[in-house]
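Trainee: I would like to go through this structure with you. Can we take it step by step?

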Amino acid sequence: MKKHFFYITICCILLTSAIPLSLAQQEQIDPGKSVYEKHCLSCHQADGSGVPGMNPPLSKVSWVTGNKTKLIQTVLNGISTPLEIDGEVYHNPMPSHDLLSNQQIADVLTYIRSHFGNTANAVTAAEVKKVRGK
Amino acid sequence: MLMMLSLHFAIAQTLHADPDNGGLKTPAGFGVIVVTPTLGKARHIVAAEDGTLFVKLRQLKDGKGIYMLRDENGDGKADQIKGYDNYGGTGITVYNNYLYASSDSSVYRYAISPGKDPINEKKREVVISGLPYRPVHEAKTITIDDTGKLYVNIGAPSNACQETDRTQGSPGINPCPLLETFGGVWQFDANKTNQKFTDGIRYSTGLRNCVALEWDSHSQQLYAVPHGRDQLNTLFPNLYTDEQNAELPSEEFFQLKKDGDYGWPYCYYDHFQHKKLLAPEYGGDSKTTTGCENKEQPLMAFPGHWAPNDLLFYHGTLFPEKYKHGAFIAFHGSWNRAPLKQGGYFVAFVPFKDGKPSGDWEVFAEGFSGGPEIKSPKDAVHRPMGLAEGPDGSLYITDSVKGTVWRIIYTK
């Protein structure tokens with residue numbers, strides 16, 4: 001009985017300390033997620049599904065998974081002419097995010113290219129730097 | 001006319017609600033019939049005197065932007081559907097036996113004739129052309145008063161009149177130059193054709209985007225429920241939390257007065273503090289009211305971002321007495337409450353007396369989105385958009401996702 005209690009206590013300690021740790025670890029592994037939540041989520045939504053008629057989706061669109069230069073330019077310069085994707089027109093503007101660092105942009109683009117059903121490769125800070133310098 | 005009305009009364013007696021209530025939840029005694037399931041990206045709707053419905057679409061379906069629905073056999077379902085004309089838009093209304101409809105830059109009209117083919121698109125007349133257009137907040141909602149004055153929403157193509165729209169750190173322009181040609185309701189003449197933008201007068205200003213705009217023939221007043229601004233938290237993370245942004249600013253219900261200034265972009269309403277506050281782009285700190293003292297106050301305020309997309313004053317006798325002359329508001333539903341759960345996606349009712357709310361608002365019809373909780377707008381199966389009252393007093397609601405049209409009847 002005593003032994004049981006001991007194990008249960010150990011278990012509880014392990015559980016309670018393990019959960020916050022793994023969350024913090026995740027944050028460390030995925031800094032792109034926190035940039036996304038702060039700067040992109042309200043318009044493109046948590047699951048990258050966007051808002052019909054206003055903000056386009058980031059899930060399974062070639063813009064996100066395709067040409068990196070164009071993608072980096074989108075975040076640096078924004079877009080102000082309505083896009084049409086799969087027959088739906090998106091009316092809001094995409095604001096420029098050139099205040100973000102090269103690393104932050106690389107992180108967030110890597111994040112959106114590898115989430116929401118997308119499986120494209122990472123974007124590096126050096127690639128962002130090259131496009132910003134043009 | 002009298003015969004037509006009595007005919008419709010007879011029809012209403014034999015109507016039966018759909019077994020699943022059209023997928024919606026309504027108060028006890030009400031029932032719902034799906035008039036048509038998938039019309040397209042529906043916007044506003046109007047019923048002509050004989051009960052024929054006209055729906056405006058945002059994007060063309062089969063090349064047509066206005067759809068006529070008729071129910072010949074009286075079961076409540078549309079058995080005749082016909083499309084007309086080739087432009088998308090939002091506004092549609094009936095006045096003096098004409099159908100008025102708007103694109104994002106013009107208002108047109110068509111004489112209505114009785115029968116199965118009520119309008120002739122080849123005989124369309126231009127009422128106004130050249131209205132200011134930019135792709136943001138482009139919907140030109142229209143409503144006509146009893147003396148033939150035509151009111152048009154010209155939404156502001158901007159969130160809060162920053163130098164660069166929706167961009168962190170960009171200041172608000174003072175004075176906001178957009179207000180000269182946008183961000184208000186303009187007044188024209190419904191009986192004149194070929195008017196230009198400059199033939200209208202700016203009736204009310206400081207209105208970000210009044211998709212819900214309606215003349216009330218009972219109180220003889222004009223009302224609007226504009227969309228409040230977005231992104232207090234993402235543009236000013238030091239002043240507003242995600243939780244505050246989900247609730248603020250309030251969606252405001254206004255009675256519009258000539259030359260009234262309702263505050264956008266300088267001021268917004270906070271329904272917790274019951275005050276008009278200075279917008280952060282103009283130096284506000286989420287508390288100060290300086291500069292907002294003379295802005296018009298709302299009749300009622302709703303939580304933020306619910307996106308009021310139509311307003312209807314109910315004058316029929318089909319619904320119980322409490323609904324008479326009250327207001328229905330279609331809340332299209334939010335996106336900018338994220339990361340918190342979304343809100344809206346229902347039709348509200350506000351009781352009215354002497355042209356003012358006489359009690360609190362309540363949910364009238366819900367269940368559009370198809371789930372108890374909406375995280376992202378894309379998850380919504382339907383979103384309530386346009387409202388109309390039929391000659392028998394039925395309430396019609398359109399859906400912007402698939403184009404379902406519902407008819408709400410009272411069955412007790």
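The questions below cover a chain interface and a helix crossing in a predicted model.

Trainee: How much area do chain A and chain B bury between them?
Mentor: Start with the contacts: 25 residues of chain A touch 23 residues of chain B. Carbon and sulfur atoms carry 55% of the buried area. The total between the two chains is about 1900 Å².

Trainee: Which residues of chain A lose the most area to chain B?
Mentor: Three residues stand out, together giving 25% of what that side buries. They are A:S42, A:Q45 and A:H91.

Trainee: Which element gives the most to the side of chain A that touches chain B?
Mentor: Helix 2 (31-39), helix 3 (41-44) and strand 2 (88-90) of chain A each give two or more residues. The top contribution is 3 residues. It comes from helix 3 of chain A.

Trainee: At what angle do the axes of helix 6 and helix 7 of chain A cross?
Mentor: Helix 6 spans residues 102-113 and helix 7 spans residues 125-133. Their axes come within 8 Å, and the crossing is right-handed. A:I105 and A:V128 are among the residues making the contact. The angle is roughly 115°.

Note on methods. Residues numbered from 1 in each chain as written. Chains lettered and ligands numbered in written order. Predicted model: local features only at pLDDT ≥ 70, side-chain atom pairs only at ≥ 80, totals over all residues. Heavy atoms only, no water. Axes fitted to C-alpha atoms, helices over the stretch in contact; angles between N-to-C directions. Helix = DSSP H or I, 4+ residues; strand = E, 2+ residues; numbered from the N terminus. Left-handed = near helix turned anticlockwise from the far one by under 90°. Contact = heavy atoms within 4.5 Å. Buried area = accessible area lost by both parts, 1.4 Å probe.
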